[in-house]
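These notes are meant to be read beside the coordinates, point by point. Please keep the sequence and the model open while going through them.

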Amino acid sequence: MAVSFTGSAGQYIDYGNLSNTAGLSQKSLLMWLYLDSTPAATETLFEIYSASSTNELFFAVANYGADAGKFGIGQRFTGTDGEFRTTNDVLTAGVNCVCVTYDAGSSANVPVMYYAGASVAVTTSAAPTGSAELSTASTVRIGAGQFINRSPSGRILSLAYYNRILSASEISDAYNSRLAVPSWRGLVFAPQLWTVKDGDA
């Protein structure tokens, strides 16, 4: 069974302080989801945050901009925080594969987002200013976050987080491999989200 949520506040898995996921200027997030329905509210899928003076924050959410089919991310900056979302609705009830690559090393950079292995148009909801706030140790959560305290309704099937920008061909390959987590260079976080019960095949 995969990790399941019911779309409620306060439902999350907290992996604690993981130094290898903190302070990443370049990052790629690859997720397979099963949504019970298109999200009814903005729901956190993944979050990295820090309560330190640098206050690092990076998150990925569904129903971004109060639109059930949008997928989006946010990155805290010293000036204005950056917020980005898919221009069109991509998320649907059932299985979804989403990926985002982002180089926060410059406020001028825009993330590249993918759905089902193909890149999709991105809208900048808030253009960042200043420099990205990055720390040496940050907490990792799946599900309801510090920024948006609501989980998705459904299951997170697999998740992989990398400390570099994945190429378009790598993301296409990952989609075609289905739920497998590619162990490519730069993989820093890939939690075990499946449990096997007695009687499972």
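1. Surface. The protein chain exposes about 8300 Å², of which carbon and sulfur atoms supply 49%; accessible areas come from the Shrake-Rupley method with a 1.4 Å probe, and for residues only the protein chains shown count as cover.

2. Basis of the values. This is a predicted model, in which local features need pLDDT of at least 70 and side-chain atom pairs count only at pLDDT 80 or more, whereas totals for chains, interfaces and linings use all residues. Residues are numbered from 1 along each chain as its sequence is written, and side-chain values use heavy atoms, with hydrogens and water left out.

3. Overall form. The radius of gyration of the protein chain is 16 Å, which agrees with the value near 17 Å that a compact globule of 201 residues would have; this radius is taken over C-alpha atoms, and the globule rule is 2.2 Å times the number of residues to the power 0.38. Along its principal axes the C-alpha trace spans about 55 × 35 × 35 Å. Buried residues make up 48% of the 201 residues, where buried means under 20% relative accessible area, exposed over 50%, and partly exposed in between, with a 1.4 Å probe and protein chains only.

4. Secondary structure and contacts. The protein chain comes to 1 helix and 14 strands; helices (H or I, at least four residues) and strands (E, at least two) are DSSP runs, numbered from the N terminus. Among contacts between residues at least 6 apart in sequence, 70% join residues at least 24 apart, a contact being heavy atoms within 4.5 Å.

5. The helix and its cover. In helix H1, residues 168-176, the buried residues are Glu170, Ile171 and Ala174. Seen down the axis of H1, these buried residues fall within an arc of 95°, so they line one face of the helix; the arc is that of the directions from the helix axis to the C-beta atoms. Their cover includes strand E3 (26-35), strand E8 (94-103) and strand E9 (112-115). Just after H1, Arg178 takes a positive phi of about 60°.

6. The strands around E8. Of the 10 residues of E8, 8 are buried, so that the strand is mostly covered. E8 pairs with E3 in the antiparallel sense over 10 bridges, and Trp32 stands opposite Cys97 of E8; two strands pair if DSSP finds at least two bridges between them. E8 also pairs with E9, again in the antiparallel sense, over 4 bridges, with Met113 of E9 as the bridge partner of Val100.

7. A buried arginine. Arg141 lies in strand E12 (residues 138-143) and is buried, with a relative accessible area of 6%. A polar atom of the Arg141 side chain lies 3.5 Å from the backbone oxygen of Ala144. Not counting residues up to four places away in sequence, Arg141 touches Tyr12, Ile13, Asp14, Leu45, Phe46, Glu47, Tyr49 and Gln146.

Terms used
A polar contact is a pair of N or O atoms within 3.5 Å; within protein, one must be able to donate a hydrogen and the other to accept it, and residues adjacent in sequence count only if both atoms are side-chain atoms.
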